[in-house]
Amino acid sequence: MGRINRWLGMIALVIYLPWGQSPQAASPSITEMKDINISHRGASGHAPEHTFPSYELGMALNGDYIEIDLQMTRDGELIALHDETIDRTTGKKGLVKDLTLEEIKRLDAGSWFNEAFPDKAKTEFKGLQIPTLREVLDQFGSDSKLFIETKSPDVYPGMEDKLLDVLNEYQLIGAGSEADNVIIQSFSAESLRKIHAMNESIPLIQLLSYYAPATITDSEIKKLKEYAVGVGLHFTAANPAYIKRISDSGLLIFPYTVNEKEDMEMLLDWGVNGMFTNYPDRLDEVIRGRIEKRMIHS
Ligand code: G3P
Ligand code: CA
């Protein structure tokens, strides 16, 4: 749920509720994150993933964060794309690492969506470009918070240095920036440790792959806490014992990619701090409903 809308909702509830039952304000601090709505690849259930319309919708539908996957072109530009290849989302074939930015910019990253989802197709999706990280920051950096993933960092040596250089240039990290403006996540512990060594104030999320149900040991948690503030895992591997263990250790937990309201409710009941979804509008409705219920019953 977007922060401004959440506050408006809270104010409305305070007015509605009997005097003296004012709701608790949500703390913006990293360690107290609650009900965080992360638009996965933007609102990618409604528009082609990792395009401006998808990110715009993520914000309009009350996502708190836009999630961005990073790949790097042959000439060293960070771009927002999930796959190492261009095959799935552009109708062409090739590895991003073999293509220049100019070649990437000639691709159509929207038409595949119209073909795959005719009921959601829009003419304006046709011909959409793959955005660079800089373009994303120009457009959204000051209005939305970003959850950035270093993808395949072993394929792109130096991507972490480039990422931090760009984030510093846009003053999204470092002195004077908000602590939770940018969160960086990766399946690669090595990539996250590199980032932590360069700037230990950036909140880092370790993405983990599990065969369900997920379990974790004290020593694994101890290692994670050397550099990360939390973990992400596929929601089907999440379970109450795991979530409690992670939360009790002081780490945050963000399951991905949760698109059905019943699953969202279940995970929030189990105590996650937020989640990734292709449908931030659905998660927003769930969160609003729960806040309203809490207010009415308090
Ligand atoms: O960051 C959470 C989630 O995005 C990880 O999976 O494959 O969608 O990047 P993937
Ligand atoms: Ca991702």
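In which sense do E2 and E4 pair, and over how many bridges? In this predicted model, the two strands pair in the parallel sense, and six bridges join them.

View 1. Strand E2 (65-72) pairs in the parallel sense with E4 over six bridges, and Phe147 in E4 is the bridge partner of Glu67. Strand E1 (residues 36-39) also pairs with E2 in the parallel sense, here over two bridges, and Ile38 stands opposite Tyr65 of E2. With E3, by contrast, E2 pairs in the antiparallel sense over three bridges, Gln71 having Ile79 as its bridge partner in E3. E2 and E3 form a hairpin with five residues between them, and in the turn Gly76 has a positive phi of about 85 degrees.

**View 2. The two faces of E2.** Eight of the eight residues of E2 are buried. Tyr65, Glu67, Asp69 and Gln71 point one way from the strand, whereas Ile66, Ile68, Leu70 and Met72 point the other way. In a regular strand the side chains alternate between the two faces of the sheet.

**View 3. Leu70 in the largest nonpolar core.** The largest nonpolar core has 71 residues, and those that touch the most other members are Leu70, Ala80, Val182, Val231, Ile253, Phe254 and Met275. E2 supplies the largest share of this core, five residues. When its neighbours within four places in sequence are left aside, Leu70 is in contact with several residues, among them Leu78, Ala80, Leu133, Ile148, Met159 and Leu163. The contacts of Leu70 also include Glu149, Thr150 and Lys151.

**View 4. Helix H7 and what covers its buried side.** In helix H7 (159-169), the buried residues are Met159, Glu160, Leu163 and Leu167. They lie on the same side of H7 because they cover an arc of only 100 degrees around the axis. The face turned away from this buried side carries the exposed residues Asp161 and Glu169. What covers the buried residues of H7 includes E2, strand E3 (78-80), E4, E5 and H8. Gln171, which follows the helix, has a positive phi, near 55 degrees.

**View 5. Helix H8 and its buried side.** Ser191, Leu192 and Ile195 are the buried residues of helix H8 (residues 189-198). Their arc around the axis is only 95 degrees, so they are on the same side of H8. Exposed residues Glu190 and Ala197 are carried on the face turned away from the buried side. The cover over the buried residues of H8 includes H7 together with strand E4 (145-150), strand E5 (182-186) and strand E6 (204-208).

**View 6. Strand E9 beside E1.** E1 and E9 pair in the parallel sense over four bridges, with Thr277 in E9 as the bridge partner of Ser39. From strand E9 (residues 274-277), Gly274 and Phe276 point one way and Met275 and Thr277 the other, all of them being buried.

**View 7. The shell around ligand 1.** The residues around ligand 1 are His40, Glu67, Asp69, His82, Glu149, Gln185, Leu207, Gly232, Tyr256, Thr257 and Phe276.

Methods:
Residues numbered from 1 in each chain as written. Chains lettered and ligands numbered in written order. Predicted model: local features only at pLDDT ≥ 70, side-chain atom pairs only at ≥ 80, totals over all residues. Near = placed C-beta within 6 Å. Buried ≥ 20, exposed ≤ 12 C-beta atoms within 10 Å, placed from the backbone. Arc of directions from axis to C-beta. Contact = placed C-beta atoms within 7 Å. Pairing = 2+ DSSP bridges. Core = buried A, V, L, I, M, F, W, Y, C linked by C-beta atoms within 7 Å.
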